[in-house]
Amino acid sequence: MKINKLIQQGESETLEFKQSFEKDTIVSLVAMANTRGGAVLIGVTNKGEIKGVQLGRETLQQWVNDITQATDPKLIPYFRSKTINGKVVVEIRVKEHSIKPI
């Protein structure tokens with residue numbers, strides 16, 4: 001589903017908005033992987049306002065490393081980014097994990 005459509009849907013059990021990538025982001029992804037899967041959008045406020053994030057050359061790789069190092073069994077998320085009105089939003093998606101709990 002397109003990121004714009006996800007933002008319009010609003011937060012739910014399978015979708016969360018975060019202004020920045022933090023430890024809480026990993027907690028949300030783990031909870032989703034332990035249930036039905038879902039996505040976290042980085043660069044979006046809880047009210048659905050697009051703030052965007054700054055991405056460096058290694059930013060996404062660092063986020064992957066942070067997630068895999070903090071989870072056992074290892075959680076390998078899917079990432080995609082999109083520029084909306086000049087602001088970058090990153091979607092981090094996880095599927096329901098077959099081995100639980102993470």
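Which residues have the most contacts inside the largest nonpolar core? The legends below take up this question and then turn to other parts of the predicted model.

**Figure 1. Overview of the protein chain in the predicted model.** The protein chain contains 3 helices and 4 strands, and from the N terminus on these elements follow the order α-β-α-β-α-β-β. The radius of gyration of the protein chain is 13 Å, close to the 13 Å that the globule rule gives for 102 residues, so the chain is as compact as a globular protein of that length. Along its principal axes, the C-alpha trace spans about 40 × 30 × 20 Å. Of the contacts between residues at least 6 apart in sequence, 62% join residues at least 24 apart.

**Figure 2. The largest nonpolar core and the residues with the most contacts inside it.** This core has 17 residues, and those with the most contacts inside it are Ile-42, Ile-67, Leu-75 and Ile-92. At least two residues of the core are supplied by each of α2, β2, α3 and β4, and the largest share, 5 residues, comes from α2. In soluble globular proteins, nonpolar side chains tend to be buried together. A second, separate core has 11 residues, including Val-44, Ile-50, Ile-84 and Val-89.

**Figure 3. Surroundings of Ile-92.** When neighbours within four places in sequence are left aside, Ile-92 is in contact with Phe-21, Thr-25 and Leu-29, with Gly-38, Ala-39, Val-40 and Ile-42, with Trp-63 and Ile-67, and with Pro-77, Tyr-78 and Phe-79. Two of these partners, Ile-42 and Ile-67, are listed together with Ile-92 among the residues with the most contacts inside the largest core.

**Figure 4. Helix α3 and its buried residues.** Helix α3 runs over residues 59-70, and its 12 residues reach 17 Å from the first C-alpha to the last, close to the 16 Å expected at 1.5 Å a residue. Within this helix, Thr-59, Trp-63, Ile-67 and Thr-68 are buried. These four cover an arc of only 165 degrees around the axis, which puts them on the same side of α3. The elements that cover the buried residues of α3 include the helix α2 (23-33) and the strands β2 (37-42), β3 (78-84) and β4 (87-95).

**Figure 5. Glu-22 in the loop between β1 (15-18) and α2.** Glu-22 has a relative accessibility of 46% and therefore counts as partly exposed. Although 44 residues separate Glu-22 from Asp-66 in sequence, their C-alpha atoms are 9.5 Å apart in space.

**Figure 6. Thr-45 and Gly-52 in the loop between β2 and α3.** Thr-45 has a relative accessible area of 11% and is buried; not counting residues up to four places away in sequence, Thr-45 touches Phe-17, Gln-19 and Lys-51. Gly-52 is likewise buried, with a relative accessible area of 19%, a value under the 20% that sets the limit for this class. With residues up to four places away in sequence again not counted, Gly-52 touches Gln-19, Gly-43, Lys-87 and Val-88. Gly-52 and Lys-2, which are 50 residues apart in sequence, are 16 Å apart in space, C-alpha to C-alpha.

**Figure 7. Two cis peptide bonds and a positive phi.** Most residues other than glycine have a negative phi, and most peptide bonds are trans. The peptide bond from Asp-72 to Pro-73 is cis, with omega near 0 degrees, and Pro-73 lies in the loop between α3 and β3. The peptide bond from Lys-100 to Pro-101 is also cis, with omega near -5 degrees, and Pro-101 is found in the segment after β4. Asn-85, a residue other than glycine, has a positive phi near 50 degrees; Asn-85 sits in the loop between β3 and β4 and, at 73% relative accessibility, counts as exposed.

How values were computed
Residues numbered from 1 in each chain as written. Predicted model: local features only at pLDDT ≥ 70, side-chain atom pairs only at ≥ 80, totals over all residues. Heavy atoms only, no water. Expected span 1.5 Å × (residues − 1). Buried < 20%, exposed > 50% of the residue type's maximum accessible area, 1.4 Å probe, protein only. Arc of directions from axis to C-beta. Contact = heavy atoms within 4.5 Å. Rg over C-alpha atoms; globule rule 2.2 N^0.38 Å. Core = buried A, V, L, I, M, F, W, Y, C linked by side-chain atoms within 4.5 Å.
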